[in-house]
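Biologist: Please pick one part of this model and go through it closely. I would like to know what it is joined to, what covers it and what lies around it.

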Amino acid sequence: MGLIKIEGIKLFAYHGHLPEEAVLGGHFIVNVYVNSDTSEVEKSDDLEDTVDYVKLISIVEEQMAIRSNMIEHVAARIADQILTLNYVHNVEVEVEKLNVPIDSVFTKISAKIKRDKSVSYTHLTLPTILLV
């Protein structure tokens, strides 16, 4: 078992429940932590026998490009997609929202979602995107 950590993926996206966030967008930082079976890659030294971190970053970029009102929602989508990859046992995704439009002083606002292959998440529903 090994841990793949990708920290500090910086993206611009349009997440937030305020109408202006859908128009103006904002900056986000995404951190991904994947526990995976590394027994094969430790012997083979072959990318096909592990979780490709380029694919992980691609999943983050794809899901962050789909607007959500809440950062928990987009974090869950990212985690659910990563969980479908071979060798992944569990995943933790943190989405940090920078420059939150509230009048307060704080260090960080983020949502962290954890998923594990041994647990069923079929009761969760994500919206269907219709192209018109």
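Modeller: What follows is a close look at strand β3, its partners and the pieces around it.

The model is predicted, not determined by experiment. Strand β3 covers residues 88–97. It belongs to an open sheet of four strands, in the order β1-β2-β3-β4, with antiparallel pairing. The edge strands are β1 (2–13) and β4, and each of them pairs on one side only. From one strand to the next, the twist averages 15°.

Take the two partners of β3 in turn. Strand β2 (residues 26–36) is joined to β3 by nine bridges, and the two run antiparallel. On this side, Asn-90 in β3 stands opposite Asn-35. Strand β4 (residues 110–116) is joined to β3 by seven bridges, again in an antiparallel arrangement. Here Val-95 has Ala-111 in β4 as its bridge partner.

Is β3 mostly covered or mostly open? It is mostly covered, since eight of its 10 residues are buried, a term that means under 20% relative accessible area.

Helix α3 (53–64) lies across β1, β2 and β3, and runs at about 35° to β1. Helix α4 (71–83) lies across β2, β3 and β4, and runs at about 155° to β3.

In general, an α-helix has 3.6 residues a turn, so residues three or four places apart point the same way.

Phi of Tyr-87 is positive, about 80°, although the residue is not a glycine. Most residues other than glycine have a negative phi. Tyr-87 counts as partly exposed because its relative accessibility is 25%, which lies between the cut-offs of 20% and 50%.

Which residues does Arg-67 touch, leaving aside its neighbours within four places in sequence? They are Tyr-14, His-15, Gly-16, Leu-18, Ala-22 and Arg-77. The side chain of Arg-67 reaches the backbone oxygen of Gly-16 at 2.9 Å. That side chain also makes a polar contact with the side chain of Asn-69, at 3.2 Å. Arg-67 is partly exposed because its relative accessible area, 34%, falls between 20% and 50%.

One more loop, between α2 (39–44) and α3, holds Asp-45. Asp-45 also has a positive phi, near 60°, and is a residue other than glycine. Asp-45 is exposed because its relative accessible area is 72%, and the cut-off for exposed is over 50%.

To return to the strand: β3 has β2 on one side, through nine bridges, and β4 on the other, through seven. Both α3 and α4 lie across it.

Definitions and conventions:
Residues numbered from 1 in each chain as written. Predicted model: local features only at pLDDT ≥ 70, side-chain atom pairs only at ≥ 80, totals over all residues. Heavy atoms only, no water. Buried < 20%, exposed > 50% of the residue type's maximum accessible area, 1.4 Å probe, protein only. Contact = heavy atoms within 4.5 Å. Polar contact = N/O pair within 3.5 Å; in protein donor to acceptor, adjacent residues only side chain to side chain. Pairing = 2+ DSSP bridges. Axes fitted to C-alpha atoms, helices over the stretch in contact; angles between N-to-C directions.
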